[in-house]
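Take a walk through this model, from the overall fold down to single residues. Keep the 3D view open as you read.

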Amino acid sequence: QVQLVESGGGLVQVGGSLRLSCVASGIIFNINPMGWYRQAPGRQRELVAVMHSGGLTTYADSVKGRFTISRDNAKKMVYLQMSSLKSEDTAVYYCYARGLLVDTYSEVWGQGTLVTVSS
């Protein structure tokens, strides 16, 4: 069974920084892409940032220049460095990966970690 386990969420003031981490456990290969989505109260889940195995990244316009995604493929980990946080960044952040499980490519989601940005 493959699991994605997030860490690093919490309470931070406006303008502050947080670093989220996610590790994939279990047998999963060719993870592509791996990244982060978020869901704020009353809103749909949205892409924050993903990174493909070749290094190509995609960011939501709302986080460009403030958030940085990185990966450690050998450790099956993905990170999200968040800076200049705004109140509208408050959300549950979910780790996401698509990879080869046994003989089928599947999507896997983490349980989510809450990020609260307060003023």
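This is a predicted model: local features need pLDDT of at least 70, side-chain atom pairs count only at pLDDT 80 or more; totals for chains, interfaces and linings use all residues.

Start with the secondary structure. The protein chain has 0 helices and 11 strands. Read from the N terminus on, the elements run β-β-β-β-β-β-β-β-β-β-β. The radius of gyration is 14 Å, close to the 14 Å that the globule rule gives for 119 residues, so the chain is as compact as a globular protein of that length. Along its principal axes, the C-alpha trace spans about 45 × 25 × 25 Å.

Next, look at how the chain packs. Of the 119 residues, 42% count as buried. Take the contacts between residues at least 6 apart in sequence: 55% of them join residues at least 24 apart. The accessible surface comes to about 6400 Å², and carbon and sulfur atoms account for 49% of that area.

Now go inside. In soluble globular proteins, nonpolar side chains tend to be buried together. Here the largest nonpolar core has 31 residues. M34, W36, L80, M82 and Y93 have the most contacts inside this core. The elements that give it two or more residues are β3, β4 (34–39), β5, β7 (67–72), β8 (77–82), β9 and β11 (113–118). Pick L80 and follow its contacts. Leaving out residues up to four places away in sequence, L80 touches L18, R19, L20, W36, V48, A49, F67, T68, I69 and Y93.

Which cysteines form a disulfide? C22 and C95 do, with their sulfur atoms 2.0 Å apart. The pair links distant parts of the chain: C22 lies in strand β3, C95 lies in strand β9 (residues 91–101), and 73 residues separate them. The total for the model is 1 disulfide. About the S-S bond the angle is -85°, and the link of C22 and C95 is left-handed. Both C22 and C95 are buried.

S21 also belongs to strand β3 (residues 18–25). Is S21 buried or exposed? Its relative accessible area is 13%, under the 20% cut-off, so S21 is buried. Beyond its neighbours within four places in sequence, S21 is in contact with V5, E6, S7, W36, M77, V78 and Y79.

Finish at a loop. G55 is found between β5 (46–51) and β6 (57–59). With a relative accessible area of 38%, G55 is partly exposed. The C-alpha atoms of G55 and G16 are separated by 27 Å, and the two residues are 39 residues apart along the chain.

Terms used:
Residues are numbered from 1 along each chain as its sequence is written. Side-chain values use heavy atoms; hydrogens and water are left out. Helices (H or I, at least four residues) and strands (E, at least two) are DSSP runs, numbered from the N terminus. Buried means under 20% relative accessible area, exposed over 50%, partly exposed in between (1.4 Å probe, protein chains only). Contact means heavy atoms within 4.5 Å. A disulfide is a pair of cysteine sulfur atoms within 2.5 Å. A nonpolar core is a set of buried Ala, Val, Leu, Ile, Met, Phe, Trp, Tyr and Cys residues joined through side-chain atoms within 4.5 Å. The radius of gyration is taken over C-alpha atoms; the globule rule is 2.2 Å times the number of residues to the power 0.38. Accessible areas come from the Shrake-Rupley method with a 1.4 Å probe; for residues, only the protein chains shown count as cover.
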